[in-house]
Amino acid sequence: KEKSEKNRGAFILLEGCDRSGKTTQAQLLLQSLKDKGQNVEFARFPERSSEIGKVIDQYLKSTTNEKNLKSMHLLFTANRWELMEDIVKKIKKGTTYVIDRYAYSGIVYSMANGLDKEWCIRMESNLPKPDIVLFLDLSVEDAAKRGEYGKERYEKKAFQQKVRDNYHQLIEDNWKVIDATQTKEEIAKQLLDLSLKTIEESKNKPIQTI
Ligand code: TMP
């Protein structure tokens, strides 16, 4: 077991509110890491293509009030478990993963829906922990300036404000807060530098759990 974790890949996570530029940056980061010769793959949560993912997709697209918030939370969590087993196997064999949203999205969005913080955190426990969380942070006002929010359930200003406040409550040592008002190129460079450093530093460390 020890041997298979030598020279493992890194688990690099991007988090942020809707319209923080996360998805664009994840794609840029993936390409730059490939250009540097890194063995790297991409995943995102929710992954809407699985059976559980389809239920999540319907939930996000509907706007009717959801009463079973805890069971919805657990579906998002289950969606992580169903993919992470394979992802961890590949990380151990040397593939680096850039992942767009994860457990922290689960926690901050469910908290914004009124669920208890400690309950939300507990439900994510034992999932693999990212080596670094690149948190793209910008004010809700600045996010809204980027054009209309989309039509999905959570894309509303007041809700996004709560989400942002909740993210700020979760920041830990392995988080980097990135000022998302910078230019696309400036952000991309910071993310690349931090990712290359993380890949180097994680190589011979065991993968932690949340
Ligand atoms: P996306 O826009 O990145 O595809 O994310 C879909 C929405 O799902 C986004 O508003 C955040 C929300 N979400 C949760 O509520 N719980 C979760 O566990 C995850 C990963 C996302």
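These legends walk you through several close-up views of a predicted model.

Local features are described only where pLDDT is at least 70 and side-chain atom pairs only at pLDDT 80 or more, while totals for chains, interfaces and linings use all residues. Residues are numbered from 1 along each chain as its sequence is written, and side-chain values use heavy atoms, with hydrogens and water left out.

**View 1. Who surrounds the ligand?** The shell around the ligand holds 14 residues, and R48, F76, R80, R101 and G106 are the closest. Sort the shell by residue type and you get 7 nonpolar, 2 polar and 5 charged. Here Ala, Val, Leu, Ile, Met, Phe, Trp, Tyr, Cys and Pro go down as nonpolar, Asp, Glu, Lys and Arg as charged, and the others, Gly among them, as polar. Helices (H or I, at least four residues) and strands (E, at least two) are DSSP runs, numbered from the N terminus.

View 2. Start with R80: an N or O atom in its side chain is 2.8 Å from an oxygen atom of the ligand. For R101, a polar side-chain atom lies 2.9 Å from a ligand oxygen. For R48, the distance from a side-chain N or O atom to an oxygen of the ligand is 3.1 Å. Taken alone, the ligand exposes 480 Å², and the protein buries 92% of that. Areas like this come from the Shrake-Rupley method with a 1.4 Å probe; for residues, only the protein chains shown count as cover.

**View 3. Where does the ligand sit?** Look for it in the largest pocket. A pocket is worked out on a 1 Å grid over the protein atoms alone: it is an open set of points with protein on both sides within 12 Å along at least five of seven lines.

View 4. R101 is found in the loop between strand 3 (96-100) and helix 4. Its phi is near 70°, a positive value in a residue other than glycine. Is R101 buried or exposed? R101 counts as buried because its relative accessible area is 12%; the cut-offs are under 20% for buried and over 50% for exposed, with partly exposed in between (1.4 Å probe, protein chains only).

View 5. R19 sits in the loop between strand 1 (11-16) and helix 1 (22-35). Phi of R19 is near 75°, which is positive in a residue that isn't glycine. R19 is called partly exposed because its relative accessibility is 33%. Now find P46, in the loop between strand 2 (40-44) and helix 2 (51-61). The peptide bond running from F45 to P46 is cis, with omega near -5°.

**View 6. T96 in strand 3.** T96 has its place in strand 3. With 2% relative accessibility, T96 counts as buried. Now try T77: 19 residues separate T96 and T77 along the chain, and their C-alpha atoms are 22 Å apart.

**View 7. G150 in its loop.** G150 lies in the loop between helix 6 (140-145) and helix 7 (157-170). At 34% relative accessible area, G150 is partly exposed. How far apart are the C-alpha atoms of G150 and K22? They are separated by 15 Å, although G150 and K22 are 128 residues apart along the chain.

**View 8. Q190 and L192 in helix 8.** Both Q190 and L192 belong to helix 8, which covers residues 184-202. Q190 is partly exposed, with a relative accessible area of 29%, whereas L192 counts as buried at 13%. From Q190 to I178 is 12 residues along the chain and 8.1 Å between C-alpha atoms. From L192 to S139 is 53 residues along the chain, with 23 Å between the C-alpha atoms.

Terms used: Near = heavy atom within 4 Å. Polar contact = N/O pair within 3.5 Å; in protein donor to acceptor, adjacent residues only side chain to side chain. 1 Å grid on protein atoms, 1.4 Å probe; cavity = no way out; pocket = protein on both sides within 12 Å on 5 of 7 lines; lining within 4 Å. Sits in = over half its atoms within 2 Å of the grid points.
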